[in-house]
Amino acid sequence: MIIETLFEKKKPVLSFEIFPPKKEAELQNIDATLETLAKLHPDFISVTFGAGGSSTNNKTVELAKKIKKDYGIEPLVHLTCLSHSREEIKAILNELQEAQLWNVLALRGDRNPDIPPKDDFHYANELVEYIKAQGDFHVSGACYPEVHTEAEDGVTDIRNLKKKVDAGAGHLVSQLFFDNDNFYDFLVKLRIAGIDVPVEAGIMPVTNRAQIKRMVNMCGAVLPEKFEKILEKYGDNKEALFDAGMAYAVSQIVELIAHGVDGIHIFTMNNPVVAGRICDGIRNLVGG
C-alpha cells in the first residue's frame, strides 16, 4: 500500500503513531497495544526512530515488520538523518526493502548534545531526495503549523517545506497543535505556496501536565487560553485531567473533520486506552 494514495480513496485518513519500547521485554509485550490499535482500524501506523547510535533503530524496523505481518496494517517507518551517514541510511533502506516496507517518514531529527551530527545530511529535504533515489520508496514528511523552532520565520519555514515536497515528499504529517485556527491558517499558506500534497493533523491527547509542558517546550506549540484553564483546574487531579484531555482532543478532532481535513494522526504514546477513548468519540466520523 502506498500511503499517499490513501487520500485519493478516503477522507479523513486515520493513523496512529507508536514508538519502539526501549527494553526487549517491553517490545515482546507490545502486542497488547497493537491488538487494541488494530481493532480501531487505522489506515496506517507510524513507528518512530531512535536517535543516532541508538539500538532503538533496529527495533523500529522490527516493530514495523510486526505491524505489517501480524496485523495487516501498513507501517510508516520514521527515519532521521542528522546523526547518520549515507552508508548508514543506505543500510537501513536495504533492510526496509528486504522487508517490503516502502513507506518512510523522512526527518532531520532532533539535535542531541550527546551525539555529534554527521555531515552527510543537514536537512530533511536532502534525506527525501536521497531516499527517492534508492528505489521504489514513498516518502512522507513532517510540517509545523506553528513554525519550526529553528526557522527564522513562518515564510522561511514554508519555503523549506516546499523544498521537501519538491524533493519528493508526497504526504505531510503535522506536529502537534492545540488551536485549530492555527492549523487552518497554515493550510491556506501551504496552498498559496503551491504545496498541494495531503496534510494530516497531528493530535496529542493530554494525559498529564508534565508531559504536555515538556512537549510544548520542545515543539513550540501555543496553548490556547481554554486549554490553559483546563491545565489550571485539573492539572493536579490525574483522573480529571485525563478525562478533560480526552474530551479536548475529541472536540478538536471533530472540528477538524468537519472542516474537511485530509487526515488525523494521533500520537498515542503507546497508550491504547488513549487511542481507544478518542476513537470511541469519532467512530462514526472516520469510517471503518
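## Basis of the model

The model is predicted, so that local features need pLDDT of at least 70 and side-chain atom pairs count only at pLDDT 80 or more, whereas totals for chains, interfaces and linings use all residues. Residues are numbered from 1 along each chain as its sequence is written, and side-chain values use heavy atoms, with hydrogens and water left out.

## The chain as a whole

The chain holds 12 helices and 8 strands, where helices (H or I, at least four residues) and strands (E, at least two) are DSSP runs numbered from the N terminus. Its radius of gyration, taken over C-alpha atoms, is 18 Å, close to the 19 Å that the globule rule gives for 288 residues, so the chain is as compact as a globular protein of that length; the rule itself is 2.2 Å times the number of residues to the power 0.38. Along the principal axes, the C-alpha atoms fill a box of roughly 50 × 45 × 45 Å.

Of the 288 residues, 53% are buried, a term that stands for under 20% relative accessible area, with exposed meaning over 50% and partly exposed in between (1.4 Å probe, protein chains only). Contact means heavy atoms within 4.5 Å, and among contacts between residues at least 6 apart in sequence, 80% join residues at least 24 apart. The chain exposes about 13500 Å², of which carbon and sulfur atoms supply 49%; this area comes from the Shrake-Rupley method with a 1.4 Å probe.

## Helix α8 and its buried face

Helix α8 comprises 13 residues (residues 180–192), which at 1.5 Å a residue should span 18 Å, and the 19 Å between its end C-alpha atoms agrees with that; the expected span is 1.5 Å times one less than the number of residues. The buried residues of α8 are Asn180, Phe183, Tyr184, Phe186, Leu187 and Leu190. Seen down the helix axis, these buried residues fall within an arc of 160°, so they line one face of α8, the arc being that of the directions from the axis to the C-beta atoms. Their cover includes the strands β5 (138–143), β6 (169–176) and β7 (199–203), together with the helices α7 (154–166) and α11 (238–258).

At the N-terminal end, Asp179 caps α8 through a side-chain oxygen that lies 3.0 Å from the backbone nitrogen of Asp181. Just after the helix, Gly194 takes a positive phi of about 85°.

## Asn180 in α8

Asn180, a residue of helix α8, counts as buried because its relative accessibility is 6%. Its side chain reaches the backbone oxygen of Gln252 at 3.0 Å and makes a polar contact with the side chain of Glu255 at 3.1 Å. A polar contact is a pair of N or O atoms within 3.5 Å; within protein, one must be able to donate a hydrogen and the other to accept it, and residues adjacent in sequence count only if both atoms are side-chain atoms. Leaving aside neighbours within four places in sequence, Asn180 is in contact with Gln252, Glu255 and Leu256.

Lys11 and Pro12 are joined by a cis peptide bond with omega of about 5°, and Pro12 is found in the loop between α1 (3–9) and β1 (13–18).

In the loop between β8 (263–267) and α12 (272–286), Met269 has a positive phi of about 55° although it is not a glycine. Asn270, placed in the loop between β8 and α12, has a positive phi of about 60° and is likewise not a glycine. Met269 counts as partly exposed at 36% relative accessibility, while Asn270 counts as buried at 17%.
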